[in-house]
Amino acid sequence: MGELKEIKITKNEENQRLDKYLLKYFNKAPKSFVYKMLRKKRIKLNKGKAEGSEMLLEGDTLQLYLSEETMAGFMEEKTVPVAERHFGIVYEDDDILVVNKPAGLLTHPEKAEDRDTLTDQILYYLYEKGQYTPSAESAFTPAVCNRLDRNTSGIVVAGKTLRAVQAVNEAIRSRRMDKYYVTLVKGVVEEAGEIDLYLSKDEEHNQVRTSHQEKAGYRRALTKYRPIAHTKDYTLLELQLITGKTHQIRAHMQAMGHPVLGDRKYGDAETNRKVRGEFAISNQCLHARKIVWKEKEGFLSYLYGKQMTAPLPKNMQAVCDSLFGEEGHF
């Protein structure tokens, strides 16, 4: 039946389906290989037949009746490339890392050749601290749980453990984490309100279209906004993201007639030229400033009510100070 290798499930690997674990362990294998080995009983759980849908618990054992050559052919050794840290640390404990991403930095690689992304930097940071060892974590890699556009700065939450990644993702999905942004927009907004529009992403052009009515391919998106200060030309807004769709704030602001300053895709070209010359703004003035944890029960309950804030980028804060004085200083 082949050689025997036994794996003991650790606390950081529990609470996931067996097939999901195996696909991470055999990170070069197709699903068909994993299910074929389960059917043929070449992979067993606690010395018994397994289907793949079982939820793993700490202390479970897997028996792999596979040759070293077979396993090596379906496993690629994980490495951690050196990546200089450019993010600030907002909060950190044994399970989560909350960082302040600078504008201009990709959250995840978009192409195979992308390097030094926020994800790369976080992994190398944890590796240097001794909190992530690829050779010991064959089926888990710390992961970023929310994503920001390349040119949007601010708070990104990463899970150091599998349980933390699952819990943060669930908190975001079930809206038990409030997310607040700060942005500078064209024109005057004097009253608070809510934008309720449907969005559809054009994958070819990486751009979102809006609709006031529900229709095929469009998903509802909600954004609340509150003016903090304004001049005769510009407004500083705080926004609460109720849903989290691609380019949601930028598309909503454009549809509202108050596009984000510096936004090359959804902004106003004439206004952007003006603010580039006046304030040397080179990217969109949009910053994920604050999160508030609302998880009362479960793994993240110890964070309940905690607010975490990320300082504005220096260039954006300088513009706010110039336009609004004390009202615009965070």
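Which side chain meets that of Lys129 in a salt bridge? It is the side chain of Glu92, with 2.7 Å from N to O. The model in view is a predicted one. Lys129 belongs to helix H4 (residues 118–129) and Glu92 to strand E4 (residues 88–92), so the pair links distant parts of the chain, 37 residues apart. Lys129 is partly exposed, since its relative accessible area is 41%. Glu92 is partly exposed too, with a relative accessible area of 24%.

## Salt bridges

Side chains of opposite charge can pair when their charged atoms come close. The structure holds 17 salt bridges. Three of them are set out below, each with the distance between nitrogen and oxygen.

| Pair | N to O distance |
|---|---|
| Lys129 and Glu92 | 2.7 Å |
| Arg250 and Asp149 | 2.9 Å |
| Arg250 and Asp263 | 2.8 Å |

Arg250 forms a salt bridge with Asp149, their closest N and O atoms being 2.9 Å apart. Arg250 lies in helix H6 (residues 248–256), while Asp149 sits in the loop between strand E6 (143–144) and strand E7 (153–159), so this pair ties together parts that are 101 residues apart in sequence. Arg250 counts as buried because its relative accessibility is 7%, and buried means under 20%. Asp149, by contrast, is partly exposed, with a relative accessible area of 24%.

Arg250 also forms a salt bridge with Asp263, and here the closest N and O atoms are 2.8 Å apart. This pair again links distant parts of the chain: Arg250 is in helix H6, and Asp263 is in the loop between H6 and helix H7 (269–279), 13 residues away. Asp263 counts as buried, at 0% relative accessibility.

Elsewhere, salt bridges join into a network whose members are Glu170, Arg173, Arg176 and Glu295.

## Cavities

How many cavities of 30 Å³ or more are there? The count comes to two.

The largest cavity has a volume of about 50 Å³. Its lining is made up of Asn146, Leu148, Ile155, Lys179, Tyr180, Tyr181, Ala288, Lys290 and Ile291. Strand E8 (177–186) and strand E13 (286–293) each supply at least two residues of this lining. Sorted by class, the lining of the largest cavity has six nonpolar, one polar and two charged residues.

The second largest cavity has a volume of about 30 Å³. Gly262, Arg264, Asn272, Arg276, Ile281, Ser282 and Asn283 line it. Here the classes are one nonpolar, four polar and two charged residues.

## The largest pocket

The largest pocket has a volume of about 1100 Å³. It is lined by 41 residues, and those nearest its centre are Arg147, Asp149, Lys245, Thr246 and His247. The elements that give two or more residues to this lining are helix H5 (162–173), E8, strand E12 (234–241) and H6. Which element gives the most to the lining of the largest pocket? That is E8, with four residues. By class, the lining of the largest pocket has 10 nonpolar, 14 polar and 17 charged residues.

## Helix H7

Which residues of H7 are buried? They are Thr271, Asn272, Val275 and Phe279. Seen down the axis of H7, these buried residues fall within an arc of 100°, so they line one face of the helix. They pack against E8, E12 and helix H8 (314–324). On the other side of H7, Glu270, Arg273 and Gly277 are exposed.

One of the buried residues of H7, Asn272, is also part of the lining of the second largest cavity. After H7 comes Ala280, whose phi is positive, near 55°.

Key. Residues are numbered from 1 along each chain as its sequence is written. This is a predicted model: local features need pLDDT of at least 70, side-chain atom pairs count only at pLDDT 80 or more; totals for chains, interfaces and linings use all residues. Side-chain values use heavy atoms; hydrogens and water are left out. A salt bridge is a side-chain nitrogen of Lys or Arg within 4 Å of a carboxyl oxygen of Asp or Glu. Buried means under 20% relative accessible area, exposed over 50%, partly exposed in between (1.4 Å probe, protein chains only). On a 1 Å grid over the protein atoms alone, a cavity is a set of points where a 1.4 Å probe fits but cannot get out, and a pocket is an open set with protein on both sides within 12 Å along at least five of seven lines; lining residues have an atom within 4 Å of a point. Grid points are joined across faces, edges and corners, and a volume is the space filled by probe spheres set on the points. Ala, Val, Leu, Ile, Met, Phe, Trp, Tyr, Cys and Pro count as nonpolar, Asp, Glu, Lys and Arg as charged, and the others, Gly among them, as polar. The arc is that of the directions from the helix axis to the C-beta atoms. Contact means heavy atoms within 4.5 Å.
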